[in-house]
Amino acid sequence: MTYISGKTYPMARDETERLACLRQLRVLDTGIDPVFEHIVDLAKSIFQVPIVLVSLVDEDRQWFKAWRGLEVREISREHAFCNYTILSSELHVVEDTHQDERFCSNVLVTAPPHIRFYAGCPLEMQDGLMAGSLCIIDQVPRVLSARELEQLRLLGATTASLLNQYRTAGAMRDISLELVHASEIVEKQRLELRKQKRLLDCASDLAKIGAWEIDCKTGELLWSDGMYALHEVGRNFNPSTSSLKQFYPPDDFRRLMKHVTRSQETNQPYLFEGQMITSKGNRRWVRLAGQVELRNGVAVRRFGMKQDITEEKLALEEIKRLAERDPLTGLRNRAQLMARLTEVKRRKSPVSLILLDLDGFKDINDTHGHAAGDQCLREIATRLQVIRGKGRLVARIGGDEFAVVVEGAFDRLALERIAAQILTIASTPLTFNGVSFRCGTSIGIAEHEKGGAFDEAELMGQADLALYTA
């Protein structure tokens with residue numbers, strides 16, 4: 001790294017190229033984007049931190065495309081922790097800023113927001129250059145587990161992919177604007193248009209995008225090569241408005257037609273996301289954008305783009321799964337348990353909370369190994385599925401501890417039946433590698449019988465106390 005004269009932060013040798021690439025993204029100083037808002041909300045939920053930023057490091061500032069926990073949209077680059085994150089492609093983690101000479105006197109540490117912990121995943125652009133970072137910040141020291149580090153990398157990769165789409169979308173908009181005037185271009189300009197079409201085809205292949213247009217007078221529908229590829233049809237396929245229905249599930253096609261009809265009535269653009277089915281039967285998530293060209297207030301051409309966003313959807317679904325599920329057993333995790341209690345409180349419904357931990361689990365780990373312990377937890381989780389039902393949620397909340405939420409009017413006999421089931425589940429012998437063993441369980445129950453407001457943490461504490469007493 002190098003320090004530029006007059007600067008108090010490090011810069012890489014390729015800083016000039018990095019800034020040029022950042023501007024090519026066309027994302028600086030753009031408006032709020034729901035996709036990036038979803039990313040920071042997911043990160044906040046997964047890591048339970050007060051501050052999450054999608055940060056872009058500009059020449060003299062750190063600007064936030066999406067943010068939670070700060071009241072400002074940008075800060076001076078002089079104070080940005082991300083100056084260090086963008087120096088490599090690896091995660092940059094500061095477990096305690098008070099113990100790090102680079103940051104202990106930073107104004108963001110000594111004054112609000114009083115940063116004590118920082119972890120940033122660099123957002124990679126082309127040629128290995130870094131735009132900024134997805135960073136999580138806390139006001140207490142922290143140590144991230146290997147699983148949390150992997151989750152941060154996955155979120156960062158998704159964020160970087162979304163940022164890089166801005167460049168492709170910008171190029172597509174430029175080309176589309178020139179296509180509007182294609183009928184008025186002279187022969188020399190037609191040669192330039194063919195050159196631009198090659199660029200469009202290249203961009204379409206990389207971003208899985210196709211372009212389309214409809215002549216409003218003749219009704220003729222034209223597709224780019226990318227559209228044929230997206231629908232997995234040959235060039236002999238004759239696209240038409242009526243033939244499109246075969247590529248969509250009925251509900252998605254009805255939603256799309258509502259967007260199209262509204263656009264035709266108002267001459268306004270539209271944006272649609274839904275599922276389509278290719279001619280080969282492959283199901284895909286797509287984003288479809290439509291624009292209209294007006295002449296003297298009359299629509300003469302409708303045009304737009306269609307993009308395969310399946311990978312983006314799958315990545316977001318995986319992020320959501322990791323945020324909600326215990327990776328070993330597949331049960332809901334502690335965060336989802338607390339979220340359910342909050343939802344029950346909102347509905348003002350009576351609720352009972354059952355906590356249980358396994359007696360003798362440590363002996364199983366010590367005697368038979370952690371593989372046996374993991375199998376024990378998975379088997380217990382599978383058996384606990386039998387007590388699931390309407391108004392009930394089963395979760396693993398840590399180690400050998402499980403929880404059951406029972407929503408609805410208080411019924412002691414029903415709770416006793418559930419407790420008896422749990423005792424039977426836990427005491428039934430388990431087998432691992434031909435060896436049979438068993439463990440017992442202790443159970444603690446707390447109830448909120450009247451419905452209405454209650455404190456989730458207090459209810460958990462009451463159940464925990466009952467468990468300890470048991």
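This is a predicted model: local features need pLDDT of at least 70, side-chain atom pairs count only at pLDDT 80 or more; totals for chains, interfaces and linings use all residues.

Reader: Which strands does helix α9 lie across?

Author: Helices (H or I, at least four residues) and strands (E, at least two) are DSSP runs, numbered from the N terminus. Contact means heavy atoms within 4.5 Å. Axes are lines fitted to C-alpha atoms, for helices over the stretch in contact, and angles run from 0 to 180 degrees between N-to-C directions. Here helix α9 (residues 310-324) lies across β11, β12 and β13, at about 125° to β12. Helix α8 (residues 250-266) also lies across β11, β12 and β13, and runs at about 155° to β11.

Reader: In what order do the five strands of the open sheet stand?

Author: Strands of a sheet pair through backbone hydrogen bonds, either parallel or antiparallel. Two strands pair if DSSP finds at least two bridges between them. In this sheet the order is β10-β9-β13-β12-β11, and the pairing is antiparallel. Strands β10 (221-223) and β11 (270-277) are at the edges with a single partner strand each, so one side of each has no neighbour in the sheet. Between β12 (residues 283-295) and β13 (residues 298-308) there are ten bridges; in one of them, Val 292 has Arg 302 of β13 as its partner.

Reader: What is the strand order in the open sheet of six strands?

Author: That order is β5-β4-β3-β8-β7-β6, with antiparallel pairing. The edges are β5 (74-76) and β6 (92-94); each has a single partner strand, so one side of each is left without a neighbour in the sheet. From one strand to the next, the twist averages 25°. Helix α1 (residues 15-24) packs on this sheet, touching β3 (51-57) and β8, and its direction makes about 110° with that of β3. Helix α2 (residues 34-47) lies across β3, β4 (61-68) and β8, at about 75° to β4. Eight bridges join β7 (residues 117-124) to β8 (residues 130-138) in the antiparallel sense, and Phe 117 has Asp 138 of β8 as its bridge partner.

Reader: How many aromatic pairs does a search of the whole structure find?

Author: Rings of Phe, Tyr and Trp (its six-membered ring) pair if their centres lie within 6.5 Å; planes under 30 degrees apart count as stacked, over 60 as edge-to-face and the rest as tilted. The search finds seven pairs. One of them, Tyr 84 with Phe 103, is edge-to-face, at 5.2 Å centre to centre and 70° between the planes. Both Tyr 84 and Phe 103 are buried.

Reader: Which charged residue lies over the face of Tyr 84?

Author: A charge sits over a ring if NZ of Lys or CZ of Arg is within 6 Å of the ring centre and within 35 degrees of the ring normal. Arg 102 lies over Tyr 84, at 4.8 Å from the ring centre.

Methods: Residues are numbered from 1 along each chain as its sequence is written. Side-chain values use heavy atoms; hydrogens and water are left out. Buried means under 20% relative accessible area, exposed over 50%, partly exposed in between (1.4 Å probe, protein chains only).
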